[in-house]
There are 2 protein chains.
Amino acid sequence: MKFRLITLAAVLCSQMSLAQDSVIFRKISDEIMLHGTCYENLRVLCKGVGNRISGSPAAAKAVEWGKKNMKTAGADSVWLQAADVPYWHRGSESLLIKAGNGQYKKVSALSLGNSEGTGGKVLEAKVVMVANYDEFKALPESAVKGNIIFFNYKFRQDFIFTFQAYGDAVKYRWGSPSIAAAKGAAGVIIRSMSTGADDFPHTGSMHYTDSIKKIPEMALGNISADSLEQYCKRGTVKAKMQSECHITDKPIRSYNVIGEIKGSKYPDKIITVGGHLDSWDVGEGAHDDGAGCAQSIEVIRAFKALGIRPKYTIRAVLFMNEENGLKGGQAYADSAAAKNEHHALAIETDAGGFAPRGMGMEMSEEKKDKIRAFQNLFLPYGVYDFSNDEGGADISAIQKKLNVPVAGLLPDSQRYFDVHHTNNDVFEQVNHRELKLGATVLTQFIYLVSEHEIF
Amino acid sequence: MKFRLITLAAVLCSQMSLAQDSVIFRKISDEIMLHGTCYENLRVLCKGVGNRISGSPAAAKAVEWGKKNMKTAGADSVWLQAADVPYWHRGSESLLIKAGNGQYKKVSALSLGNSEGTGGKVLEAKVVMVANYDEFKALPESAVKGNIIFFNYKFRQDFIFTFQAYGDAVKYRWGSPSIAAAKGAAGVIIRSMSTGADDFPHTGSMHYTDSIKKIPEMALGNISADSLEQYCKRGTVKAKMQSECHITDKPIRSYNVIGEIKGSKYPDKIITVGGHLDSWDVGEGAHDDGAGCAQSIEVIRAFKALGIRPKYTIRAVLFMNEENGLKGGQAYADSAAAKNEHHALAIETDAGGFAPRGMGMEMSEEKKDKIRAFQNLFLPYGVYDFSNDEGGADISAIQKKLNVPVAGLLPDSQRYFDVHHTNNDVFEQVNHRELKLGATVLTQFIYLVSEHEIF
C-alpha cells in the first residue's frame with residue numbers, strides 16, 4: 001500500500017511538473033512569436049552586412065552586429081574570442097561551354113570554396129562527362145589527360161530528408177579535383193549540391209589532397225547541368241574556364257561572438273547554443289547561417305525578457321569560419337579545454353530558419369531517454385522527431401576534445417538545398433514565423449535540460 | 001497453445017503487411033518526388049491562367065486546364081459536372097486615409113469578396129477604431145452613425161497552428177458590415193486575416209444579413225493597419241472609400257472537373273480527393289488552391305504510372321466556387337445523392353502546398369483507430385499528426401448530405417496566412433518539393449485506406 005502511494009505521488013509529481021513545463025513552454029512561445037527580434041536582427045545582418053566570408057571586411061562587420069545584438073538581448077556578459085581564419089577570395093570568374101561546332105556560351109557557374117582558380121588565365125579543354133566515380137575509374141588515362149571532367153552525379157530528390165541527399169552527393173564537391181588531377185585532368189565541373197528547380201549554382205567547401213596538383217573546380221546550377229549533360233551525350237563539348245580564386249597565405253584575425261547568462265544553481269555548468277557568423281561570399285547567408293545566429297541571440301533575449309534565470313549557464317556563441325576552416329569552433333574548444341570549463345551540452349542551429357521538426361542528439365542513450373520522456377511537450381510546436389543523431393560542425397571540435405554531448409535543431413529540410421550556398425540565400429527566403437518557431441523550440445529545449453538538470 | 005499460435009500468426013501477418021505497405025509507400029514517394037508533374041501543372045495554371053474567380057473567363061480556362069491534365073494523368077474517365085455560380089466583380093477601388101489636418105494618402109486595401117462597394121462614388125467619413133466587438137457594442141449610436149468603423153482586431157501570432165488564429169479572427173471579416181450597419185455605420189475597414197510581416201491586404205468572403213443595409217468593407221495589410229491604428233490613437237482620422245464591386249444578378253454556368261480510376265474490387269465504393277479550381281481575383285491562386293488541384297491530379301497520375309489498381313474507385317475532383325458560394329461542392333453532393341452513389345471517404349487538400357504534417361479526420365473513432373494503426377508508416381515523410389478533425393469546405397456538403405467520413409491534408413501552416421487571398425499568392429511562393437511531398441502523402445493515404453478496405 002505504501003509502495004503504491006509512493007508510486008502515485010511520483011506519478012502526480014511528474015504530471016504536475018509536466019504541466020508546469022507546459023506553461024513555461026507556452027510563455028516562451030508567446031514571448032518569441034509576439035515579441036521576438038530575431039527576424040528583424042536577421043534583416044539587418046542580411047541587408048546591412050550581406051554575405052561575409054571569413055576574413056573579409058563584411059565578416060568583421062558581422063562580428064560587430066553580433067556583439068551589439070547580444071548586448072541588446074540582455075546577456076550578462078558579452079565577449080569576443082579570437083580565431084585566426086583563412087581568407088578565400090573569389091575574384092572574377094567565368095565558364096563558357098561550346099557544344100559541337102557551335103559558339104561558346106556563358107553558363108551560370110561558381111568556383112568551389114577554397115579552390116585555386118586558373119590564375120586568371122583561360123583554360124580551354126574538352127569536357128568529359130561521367131555519371132559517378134565508378135565511371136571515372138573506368139576511363140582510360142588518355143580520356144582524362146588535359147581534359148575537364150564533368151562529374152554529373154545527381155543530387156537525389158528521392159531522399160525526403162534532404163541532408164541525406166547532401167551526405168550522399170557532397171563527396172563529388174569535396175574531393176573530385178584531386179581524384180581527377182591524379183589521372184591528369186586539367187579542371188573539374190560538378191553538378192551543384194542542389195534540389196533547386198532552377199539554375200542557381202551552389203558553392204561550398206572542397207579540399208585538395210597534398211602532393212596532387214591543384215586544379216580548378218566549378219559548380220553548375222541544375223538547368224545548366226542538364227544542358228551540359230545533353231550536349232555531352234550528343235557529341236564533343238569544349239569549355240573555357242577562367243577564375244582568379246585563391247586562398248591568401250596569411251591567416252586573418254577574426255572572432256567568435258559570445259554572450260552568456262550565468263546559471264543560478266550551477267554557474268559552472270555550461271550549455272552552449274550557437275550558429276555560425278561567416279557565410280559564403282554569395283547571397284546574404286540568410287538561412288546559412290544568419291538564421292542560426294539570430295536564433296541563438298533570441299534564446300538569450302527570451303530568457304531575459306521572461307525573467308527566467310536558468311540553473312545552468314547559457315552561452316550563445318556565434319562561431320566564425322564554419323564554412324571553410326572551422327577555426328572558430330576549434331578556438332572555442334581549445335579555450336574551453338584550457339580553462340577547464342565544464343560543458344554540459346552543446347547545441348547547434350545550422351540547418352536553416354525553417355519550421356522545426358525535431359532535435360538531433362548525440363549523447364548516451366540514458367540522456368536521450370531522459371529528454372525523450374518530455375518530448376510530447378514539444379508536439380504543440382510541431383516538434384516530434386527525436387530520433388536523429390545530429391549535432392553540428394561548429395560544436396564537433398568541443399564534442400571530440402572534451403567529449404561534450406551535442407544536439408542540433410532539425411528544421412524542415414525541403415527548401416534548404418534550394419538556396420544553400422547560392423546567391424538566392426537571401427533574407428526574403430526566410431519566413432518570420434518559421435524562424436521564430438525555431439528559436440522558440442531551441443529556448444524550450446534549453447530550458448528543459450537546465451530545469452531538469454539532465455546533464 | 002493454439003491461441004498463441006494464432007496470435008503469433010496474426011502479428012506476423014500484420015507486420016508483413018506493414019512491410020509491404022512501406023515498400024509501396026516508398027514507390028509512391030519515388031514516383032512523385034522524381035517524376036511528379038504537379039509542380040509543372042501548377043506553373044501552367046498560375047502563369048497561363050492566373051487568378052480565376054468563379055464565373056470569370058479565367059475560371060472557364062481553368063476548367064479546360066483541369067480537364068486536359070486529368071486526361072494526361074491517365075484517368076479512366078474524365079467529365080465536367082455543371083454548377084451555377086455567382087460572379088462577384090471587383091472593378092476599380094481605392095481607400096484614402098487622412099490623419100488630423102494632413103493630406104489624404106492612398107493605402108493598400110482590398111474590398112472583401114461578395115461585398116457591395118460604394119457604387120463607384122466616393123464615401124467620405126470619419127474613421128472610428130474599435131479593437132473588437134465588445135468595444136463596438138459599448139459605442140453609443142452617435143459615435144457610429146455615418147462613420148466608417150475600423151475593426152482593428154489582431155490576427156493572433158501566438159497560435160502556432162495558424163488556422164486557429166484564422167478561426168479566431170475571421171468573424172470580423174465575415175460579419176462586421178451588417179453588425180456595423182445595424183447601428184448606422186456607413187462603411188467598414190478591417191485588419192486583414194494575415195500573419196504577414198508586410199502590407200499585402202487579404203481579400204476573402206463576407207456576407208450580409210438580410211434586411212440590413214449593405215455597406216462596403218475593405219481590408220488593410222498589417223503595416224497599413226498599424227499606421228491607421230496610430231493615427232486613430234492620435235486624433236481624428238477621415239477616409240475616402242471608393243469601390244465598384246458587386247455581385248451580378250444572374251448565376252453563371254460553370255463546372256467541377258472530375259477524373260476517375262475504377263476500383264478493382266469495389267468499383268462502387270468511391271474515395272473522393274479534391275481541391276478547388278476557383279480562386280480569388282488577386283494573385284495567382286497558387287497555394288489557394290492551385291496546389292490542391294495539382295496534387296489531386298497527381299494522385300491519379302501516380303496510381304496510373306505505378307500500375308497500382310486501387311480496390312476502391314478513386315475520384316479526383318476539382319471543385320468550382322469554394323471561395324464565394326460552395327456551389328461546386330453542393331453540386332457534387334446533389335449528384336451523388338441523386339445517383340445513390342456510395343462515397344466511402346472524401347478528402348480535401350486546401351490548406352496550401354506546404355510540407356505535410358498530418359491528416360485531419362472526421363469519422364467514427366473506430367475508423368480513426370484503424371487508420372492510426374498505420375500512422376508510423378507516414379513518419380519517414382514527415383507526417384505524424386492524426387489528431388485533428390479537419391476535412392474541407394468543398395466536401396462539407398457531401399459530408400452533411402450523405403454522412404460521408406471526411407479527411408483533410410494538413411500541411412505546415414506557418415506561411416499560409418502570409419499569402420492567402422493576396423496578390424502574393426503566386427507560383428513562386430510554392431516550393432516544388434513541398435508540393436510533391438503533399439501529393440505523395442495524399443496518394444499514400446488513399447492507397448492505405450483502399451488496400452486495407454477501411455471504409
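Guide: Gladly. The two copies meet through the same surface, because 100% of the interface residues of chain A are also interface residues in chain B. Contact here is a matter of C-beta atoms, placed from the backbone, lying within 7 Å of each other. The meeting takes 24 residues from chain A and 24 residues from chain B. On the side of chain A that touches chain B, α1 (2-35) and α14 (432-451) each supply at least two residues. Sorted by class, that side of chain A has 10 nonpolar, seven polar and seven charged residues. For these classes, Ala, Val, Leu, Ile, Met, Phe, Trp, Tyr, Cys and Pro count as nonpolar, Asp, Glu, Lys and Arg as charged, and the others, Gly among them, as polar.

A word on the ground rules. This is a predicted model, in which local features need pLDDT of at least 70, side-chain atom pairs count only at pLDDT 80 or more, and totals for chains, interfaces and linings use all residues. Residues are numbered from 1 along each chain as its sequence is written, while chains are lettered from A and ligands numbered from 1 in the order in which they are written. The predictor gives the complex an ipTM of 0.96 and a pTM of 0.96. Chain A has an average pLDDT (the predictor's confidence in each residue, from 0 to 100) of 96, and 97% of the residues score at least 70.

Let us follow α1 of chain A onward. Thr37(A) sits in the loop between α1 and α2 (38-49) of chain A. Helices (H or I, at least four residues) and strands (E, at least two) are DSSP runs, numbered from the N terminus. Thr37(A) counts as buried because it has 20 C-beta neighbours inside 10 Å; the cut-offs are 20 or more other C-beta atoms within 10 Å for buried, 12 or fewer for exposed, and partly exposed in between, with C-beta atoms placed from the backbone. Leaving aside residues up to four places away in sequence, Thr37(A) touches Glu298(A) and Arg301(A). The C-alpha atoms of Thr37(A) and Lys436(A) are separated by 8.6 Å, although these residues are 399 apart along the chain.

Stepping back to chain A as a whole, its secondary structure comes to 14 helices and 17 strands. Its radius of gyration (over C-alpha atoms) is 24 Å, close to the 23 Å that the globule rule gives for 455 residues, so chain A is as compact as a globular protein of that length. That rule is 2.2 Å times the number of residues to the power 0.38. The C-alpha trace of chain A spans about 90 × 45 × 40 Å along its principal axes. Buried residues make up 55% of the 455 residues in chain A. Of the contacts in chain A between residues at least 6 apart in sequence, 83% join residues at least 24 apart.
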